Amino acid sequence: AAGLESRIEAGSTADAVCMMALLFNDLWDSGTPPGQMSYMNHSTHLKAVSIMQATHFEGLSGPVRFPVNGKAYAGGDRMGLLHVYQRLNGHVETIGTYDGTEIALFHDRSFQFDEGYTQNTPPPAFFPDCPNGVYGFGTSTCQPCPEN
C-alpha cells in the first residue's frame, strides 16, 4: 500500500497469524468451545499442538511446517529455510539462509558493518574483556566480581 513502510519481519508475522487462524478453525471444526481456545486445559493444548504439527502451508516467508514428532529436540520449531537479510546504508538485501542450525551465506556475500568492517575484519569491541571480573559501565573499567 502506498505510504506504508516495508518491514522484513512482516512475512513471518503474517505466517504466524495464518497459523493461528488455521489452528482455531480446526479446533472449532472439531467441536472445541471458544472458551477452551482462550484458556486451554491440558487436553485442548495437546490437541492444538497436534494440529499445528500436522499443518503445512506456503507462507509469505516460505514453506511453513513443523517436525512430525513435536516432542523431539526442536520439535516445536519451524522447519525450512529462513532468509538472512543485511541492511546497510538504507539498502536491504538477502545475503543467505538459516535452516535452524546454521547460517549459510551466499557465495559472494558476507556480513558488512559500518565504516568498512566485515565479518573477517570485525569492528573493535565496545567494551573490554574482563576475564577476572565484570565491566563497570559507570566507571568504564573492569571491576572485581561482586561477592554474594
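**Reading a predicted protein chain**

Q: What pattern does the protein chain follow along the sequence?

A: Helices (H or I, at least four residues) and strands (E, at least two) are DSSP runs, numbered from the N terminus. Read in that direction, the protein chain follows the pattern α-α-α-β-β-β-β-β-β-β, with three helices and seven strands. This is a predicted model, in which local features need pLDDT of at least 70 and side-chain atom pairs count only at pLDDT 80 or more, while totals for chains, interfaces and linings use all residues. Residues are numbered from 1 along each chain as its sequence is written, and side-chain values use heavy atoms, with hydrogens and water left out.

Q: What percentage of the residues in the protein chain is buried?

A: Buried means under 20% relative accessible area, exposed over 50%, and partly exposed in between (1.4 Å probe, protein chains only). Here, buried residues make up 20% of the 148 residues.

Q: Which residues of H3 are buried, and against which helices do they pack?

A: An α-helix has 3.6 residues a turn, so residues three or four places apart point the same way. Helix H3 covers residues 42-54, and its buried residues are Thr44, Ala48, Ile51 and Gln53. These buried residues pack against H1 and helix H2 (34-38).

Q: How many residues does helix H3 have, and how far does it reach?

A: The expected span of a helix is 1.5 Å times one less than its number of residues. With 13 residues, H3 reaches 19 Å from its first C-alpha to its last, close to the 18 Å expected.

Q: How many bridges join strand E3 to strand E4?

A: Two strands pair if DSSP finds at least two bridges between them. Strands E3 (residues 82-88) and E4 (residues 91-98) run antiparallel and are joined by seven bridges.

Q: What is the phi of Asn89, and where is Asn89 found?

A: Most residues other than glycine have a negative phi, and most peptide bonds are trans. Asn89, although not a glycine, has a positive phi of about 55°. Asn89 is found in the loop between E3 and E4 and is exposed, with a relative accessible area of 74%.

Q: Where is the place of Ser140, and what is its phi?

A: Ser140 sits in the loop between strand E6 (133-136) and strand E7 (141-144). Its phi is near 55°, a positive value in a residue other than glycine. Ser140 is partly exposed, with a relative accessible area of 48%.

Technical notes
Contact means heavy atoms within 4.5 Å.
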